[in-house]
Amino acid sequence: MNKARSSPVTLVLMHLALGLYTLICLAPVVLVIMNSMKSRSAIFASPMALPTPKTFDLIGFTTVLSKGDFVGYFGNSLIITCGALFCVLLFGAMAAFALSEYKFRGNTLLGLYLALGIMIPIRLGTIGILNIMVATDLVNTHLGLILVYTAQGLPLAIFILSEFMRQVSDDLKSAARIDGLSEYAIFFKLVLPLIRPAIATVAVFSMIPIWNDLWFPLILAPGESTKTVTLGAQAFIGQYVTNWNAVLAALTLAIVPVLVLYLAFSRQLIRGITAGAVK
């Protein structure tokens, strides 16, 4: 059977379009990082030029680290992001396993109900969430934000992971049950290792909106002890609006963890996305 192949011209146009899209996405990030390591005069004189020994200056980073508590902000963001990711991946994988493995009345309806969380923004319930947090004394706490972000990330996690778990061979699970493995052992020792690409995909897609979020930290945790890096960067930018070295340095510090996460899980992420595309 002959397989349909794209013409060379089509492939070239596709790669050019993808390359152009990549440049458009990366250009702002590269400009921010590049200009954060230049002097103020060099930023305005040649914003598109790379730092040179003459223009290289880290005054923005020293200003951010000395004038703002960015170490504390990073610590808060890490605690909240890691805690929320752990809950999203654990509870999302458990719920996905239950929906994909066990057939019960209302299974499909429950899956559709959970999928509504993907389509309905959680910010629509901000007033209700704030009332709950006030009533439970969770305002200005890490736990309050972790719970909100867990609720935000669960629908997408369940939707993606359940589709991947349905592809795990029933024969493998049946053989594990014959060997005496419990349902928990099958879940943790058999199913989860087989869907690592999907877990990495969910982790990246869930982490980015949590790390970059300004809405809920501003409303639920504006205190200095719980301020996240995004909220801290906004406050710092407002205070030093004319100090572009500090502004760009703060943005660079906020970008770095997302880039590190992508580089660490890029292979698993691409495998997860391509596996989903093939299905």
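The accessible surface of the protein chain comes to about 16,400 Å², and 71% of that belongs to carbon and sulfur atoms (areas come from the Shrake-Rupley method with a 1.4 Å probe, and for residues only the protein chains shown count as cover). This is a predicted model, in which local features need pLDDT of at least 70 and side-chain atom pairs count only at pLDDT 80 or more, while totals for chains, interfaces and linings use all residues. Residues are numbered from 1 along each chain as its sequence is written, and side-chain values use heavy atoms, with hydrogens and water left out.

**Overall build**
- The protein chain has 13 helices and zero strands (DSSP runs numbered from the N terminus: H or I of at least four residues for helices, E of at least two for strands).
- Along its principal axes, the C-alpha trace spans about 70 × 65 × 35 Å.
- Of the 279 residues in the protein chain, 38% are buried (buried means under 20% relative accessible area, exposed over 50%, and partly exposed in between, with a 1.4 Å probe and protein chains only).
- Among contacts between residues at least 6 apart in sequence, 74% join residues at least 24 apart (a contact means heavy atoms within 4.5 Å).

**Charges**
- The protein chain carries 18 positive and 11 negative side chains, and the centres of the two sets lie 11 Å apart.
- Here Lys and Arg count as positive and Asp and Glu as negative, without His and the chain ends; each charge is placed at NZ of Lys, CZ of Arg, CG of Asp or CD of Glu.

**A nonpolar patch on the surface**
- Y102, F104, L110, Y113, L116, I118, M119, I120, L124 and F159 form this patch, with about 1,000 Å² of accessible area together.
- Patch residues have over 30% relative accessible area and no salt bridge; like charges are joined within 9 Å, and nonpolar side chains (Val, Leu, Ile, Met, Phe, Trp, Tyr) within 5 Å.
- A salt bridge is a side-chain nitrogen of Lys or Arg within 4 Å of a carboxyl oxygen of Asp or Glu.
- Helix α5 (residues 107-119) gives the most to the patch, with five residues.
- F104 sits in the loop between α4 (70-101) and α5, and F104 counts as partly exposed because its relative accessibility is 39%.

**Two residues with positive phi**
- Most residues other than glycine have a negative phi.
- D137, in the loop between α6 (126-135) and α7 (142-165), has a positive phi near 60 degrees.
- With 65% relative accessibility, D137 counts as exposed.
- N140 lies in the loop between α6 and α7 and has a positive phi of about 60 degrees although it is not a glycine.
- At 33% relative accessibility, N140 counts as partly exposed.
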